[in-house]
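Hi,

Here is the structure I promised to pass on to you. Have a look at it first, and then read on for my notes.

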Amino acid sequence: EYFIDSFANWEFSARAANYLKQRNVSTETAKAHGLKYDSKRDMIVFPYKNLYGKLAGARGRGVELQGEPPKKLRHYDYTWNHVNNANLVWYNEEALTAEQPVVIVEGQFDKMRVSEVYPHVMANMTAKPVLAKMKKLAYAPAIILMTDNDDTADVSIKKYAEYLDQMNKPLAVVQPPKEYTPEGKLIKLDPDSMGTEWIK
């Protein structure tokens, strides 16, 4: 806990506040998720807890303001005593304790956007399903998988379906439409970019 507290609150950094505003994250949502700012790495810090509400780790997301070049390192998993729990714990894993259908998304911003509509949302923090995390889905009565619209998401949908079929868990898949530029390039869409009405 004191390691997480060593980072500044996001409100004290103009860069962090501007970035969250750019991502349409409200002040209330940012505070509810306990977001911090890592000035050394220029990242928003997303703490996450395990099923029992105990702090389990933190994921960093590089601040990229409009007009700035993309960062080489956009995501960072913080370690403590050489331990990194990103492959073991979902972001907002506590959602499983409600024993309600769980929406699964890829990233933290997706989770925050969907949770404005429905509270029981978890983020995998990667597109790839991990067995240790998948086993925890036994706690959920049903799964709603809300993915991006790219090829990586298509592959992950198949893997989720295989895992959940073995668990005999009902699965629904919701995916943004595949839209392309005039040049034929896929326009990448995710739940965060689709807006509240689409999520509803």
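M146 stands opposite V174 in strand 9, and L145 has V173 of strand 9 across from it. These pairs belong to the contact between strand 8 and strand 9, which pair in the parallel sense over four bridges. (Strands here are DSSP runs of E with at least two residues, helices are runs of H or I with at least four, and both are numbered from the N terminus; two strands pair if DSSP finds at least two bridges between them.) With strand 6, strand 8 also pairs in the parallel sense, over three bridges, and there I143 of strand 8 is the bridge partner of V102.

Before I go further, a word on the source. This is a predicted model, in which local features need pLDDT of at least 70 and side-chain atom pairs count only at pLDDT 80 or more, while totals for chains, interfaces and linings use all residues. Residues are numbered from 1 along each chain as its sequence is written, and side-chain values use heavy atoms, with hydrogens and water left out.

The strands above sit in an open sheet of four, in the order 7-6-8-9, with parallel pairing. Its edges are strand 7 (121–123) and strand 9 (171–174), each of which pairs on one side only. On average, neighbouring strands of this sheet are turned by 25° against each other, direction ignored.

The other sheet I would point you to is antiparallel: five strands form an open sheet in the order 1-2-3-4-5. Strand 1 (8–9) and strand 5 (75–77) are the edge strands, each pairing on one side only. Strand 1 is joined to strand 2 (residues 36–38) by two bridges, and the two run antiparallel; A8 stands opposite Y37 in strand 2. Helix 2 (residues 14–22) packs on this sheet and touches strand 2, strand 3 (43–49) and strand 4 (55–62), where touching means heavy atoms within 4.5 Å. The direction of helix 2 makes about 75° with that of strand 3; axes are lines fitted to C-alpha atoms, for helices over the stretch in contact, and angles run from 0 to 180 degrees between N-to-C directions.

Points are joined across faces, edges and corners, and a volume is the space filled by probe spheres set on the points.

The count comes to one cavity of 30 Å³ or more, and the largest cavity has a volume of about 70 Å³. Of the 13 residues that line the largest cavity, V105, E106, L145, T147 and S156 lie nearest its centre. Strand 6 (102–105), strand 8 (143–146) and helix 6 (151–167) each give two or more residues to that lining, and helix 6 has the largest share, three residues. By class, the cavity lining has seven nonpolar, four polar and two charged residues. (Ala, Val, Leu, Ile, Met, Phe, Trp, Tyr, Cys and Pro count as nonpolar, Asp, Glu, Lys and Arg as charged, and the others, Gly among them, as polar.)

The largest pocket holds about 680 Å³ of space. It is lined by 25 residues, and R23, R61, R74, K188 and D190 are the closest to its centre. Helix 2, strand 4, helix 4 (108–114) and helix 7 (191–194) each give two or more residues to the pocket lining; helix 4 gives the most, with four. The pocket lining divides into six nonpolar, seven polar and 12 charged residues.

Finally, the chain as a whole: its secondary structure comes to eight helices and 11 strands.

Best wishes

Terms used: 1 Å grid on protein atoms, 1.4 Å probe; cavity = no way out; pocket = protein on both sides within 12 Å on 5 of 7 lines; lining within 4 Å.
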